[in-house]
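Here's a quick tour for anyone meeting this one for the first time. Have a look at the sequence and the model, then read on.

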Amino acid sequence: MSSRLPADPYRLINMATWCKLLATFAIASGVLLFLSSWGIAWLFVGWLFAHDASMYQWATQLADVAWAHPMVFSGLLLAHYVGLAVILFVSQLLFRKTTMRRRVRKVLGLFSIGLAVLDVGTWLLVPVSSLARRFLAPLSIAEGILLVWMLVLPLKQMWLYHRWRGSGRKVKVVIVGGGFGGLYAAVALDKALGHHRDFELTVVDKNNYFLFPPLLPSVSVGAIETRQVTYPFRRIFETTNIRFRNALVESIDPASNTITARFETDEMGSESCLPAQLSYDYLILAPGSTTNTFRTPGVDRFAFFMRELGDAVAVRNHVIDCFERAAASTSAALQEELLRFVIIGGGPTGVEVATEMHDLIEHVLLARYPEIDPTRPEVWIVQSGNQLLPGWHTRVVDIASRQIGRLKIKIVLDNRAVEVGPRHVVLKTGERVATRTCVWCAGVKSSELLARSGLPLDASGRIRIKSDLRVEGLDRVFVLGDAAFLIDEKTGRPLPPLGQVAFQQGSQAARNLVRLLSGKPTRSFRYFNFGSLVSVGEHFAAVHLLGVKLSGFLAWLVWRTLYLVKLVGFSNKIRVVLDWSLDLLIERSISQIQTRSPEVVEGPLSNGATEPVAAIQSVLAMENSLTARSEPAHGNE
Ligand SMILES: Cc1cc2nc3c(=O)[nH]c(=O)nc-3n(C[C@H](O)[C@H](O)[C@H](O)COP(=O)(O)OP(=O)(O)OC[C@H]3O[C@@H](n4cnc5c(N)ncnc54)[C@H](O)[C@@H]3O)c2cc1C
């Protein structure tokens, strides 16, 4: 996957009115200061020498002032410099936000700084150098023209701009889901049309933040802090015209062009979730996918998932909890059960969770729990196929498998979990594995919303779409990302549920929608596969990007850099860099985060993650009391 969110070329248009007023005031006062410093200098020199003169002669007279009245000259110099500094600062600040091409902007910005530096030097040299006196006039004219232009252009873009010429009535676009697909579509649409008065763009999401799933395994072991993988939608959309609604979409009615969503609200008495209908002219559906349990008994209740932020936090707390309990226990059997961590699924998520967990145990927890025999903790990966990372390039698979083997992570191939309980996982071969921790990373299935969408589904429950990303027969509905079923023209295979597919589709859907609104035909989506990358523990990664295969520490640096680039939010990037750097130098925290809800209000916004966590916690609490009572018996075994 690649690329950060594109820069917004409508930054000046979409700036809040008070910001525009402030910027305009700054420009006006900078120009006034600059001109008045010139004017005062001009008047002073004319007054001191009692006659008007040409620019060159004026510069000569300025030199005379410098010799005859050094204090007056210093005052003039200071006023000129302050005016120049203000105007230069404001122009640089605003000019950067114009829609002009980046390179041209940069060159002009640097040129204006160069002229300003020359100006400073020339004024200083006026008393002593005839060349400086000759140079002052042309320099001032060139500098004045450039700076005025650099200020007028942003002012124009800020206040006067072309509006999109559409049908004339308000076009409502609703995006369901602000994940990779939905967010990229929203940002691209806002870039193209967001400033238009007759265009309304709304993103509806059950969470109030964008989640960056690729870093969830790192959160689940505390390598990076929880909030770093999320970014609030209201912050992302603050300089755009995108409206955000925090609601769970329950159904879609393509016949009446409406969606039904439940909004959390305290209005109207006791009802905390109000159903409401939103109408749309165009719908972009990107609700992602959910964990596929393959109806395996016990998974919903006793396994941990790795899809939501709460899942990662729950895993982290649970692993530390298991260590605390194992440290307090004298029973070998109980310790074995507590210290065996079974990851179901050998895809990239399962591999990353297993290796991150190994790193946490080996490099942090064992040092802090001297009561625990270091040979006791075990991490397992159970994979139904005959290799890890199915579908990946064989060389990457080999490297990753070797590294995982080196870490002494137990790989169980050609097997799968057929039952999960509070203290065990049963494998297809009949083996009953004693464990308190089963993390289910075994696959995805389509979002439940799709079944209630009235849209045509394929066998796997995803929505069949045409190559321009619209649903067959429904020209006003686009479906993106994990929710969409589309055959890749290049490979002849369905596009995989990946972030890089979703965000490429998001941008394409936005482009196609703009074309539709302008009366042009849509274009087919073409997927560009950037490649794949997986981190396999101990600062080691296997990467296959744009045809280049890399492994080891360098690949690990590439892995981290790419994730960093893709992460949304500049502050998040800084925080993650800090977390990663500090993790190399300072031990990460192993404090458990205890949560307590005074009263559980069942609402649609609570995600499924809480159920297994609650189930496991209650079982652990029960076990704790049982263990405390049965400890001597175990100890005698
Ligand atoms: C642990 C993990 C690691 C991953 N690593 C990678 C990786 O390294 N590279 C890669 O390419 N892909 C990776 N993926 C896959 C990638 O995250 C998904 O393919 C991608 O996020 C799909 O994008 P999407 O827009 O379809 O859905 P999502 O990004 O899942 O977004 C769906 C959005 O819809 C919202 N939503 C869902 N249902 C509703 C509803 N009923 N009402 C309102 N809102 C709703 C959700 O809150 C969410 O914000 C990973 C996934 C996971 C879970």
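How do the residues of the shell around the ligand divide into nonpolar, polar and charged?

## Around the ligand

Keep in mind that this is a predicted model. The shell around the ligand splits into 18 nonpolar residues, twelve polar ones and four charged ones. In all, 34 residues surround the ligand, and the closest of them are Gly177, Gly179, Gly181, Gly288 and Gly481.

## Where the ligand sits

## A three-stranded sheet

Now for another part of the model. Here three strands make an open sheet, ordered S22-S23-S24, with antiparallel pairing. The edges belong to S22 (531-535) and S24 (548-552); each has a single partner strand, so one side of each has no neighbour in the sheet. From one strand to the next, the twist averages 10°.

Zoom in on S23 (residues 541-545) and you'll find five bridges joining it to S24, with the two running antiparallel. As one example, His544 has Lys549 in S24 as its bridge partner.

## A helix across the sheet

Which helix lies across S22, S23 and S24? That's H13 (residues 394-406), which runs at about 170° to S23.

Technical notes
Residues numbered from 1 in each chain as written. Predicted model: local features only at pLDDT ≥ 70, side-chain atom pairs only at ≥ 80, totals over all residues. Pairing = 2+ DSSP bridges. Helix = DSSP H or I, 4+ residues; strand = E, 2+ residues; numbered from the N terminus. Axes fitted to C-alpha atoms, helices over the stretch in contact; angles between N-to-C directions. Contact = placed C-beta atoms within 7 Å. Near = placed C-beta within 6 Å. Nonpolar A, V, L, I, M, F, W, Y, C, P; charged D, E, K, R; others polar.
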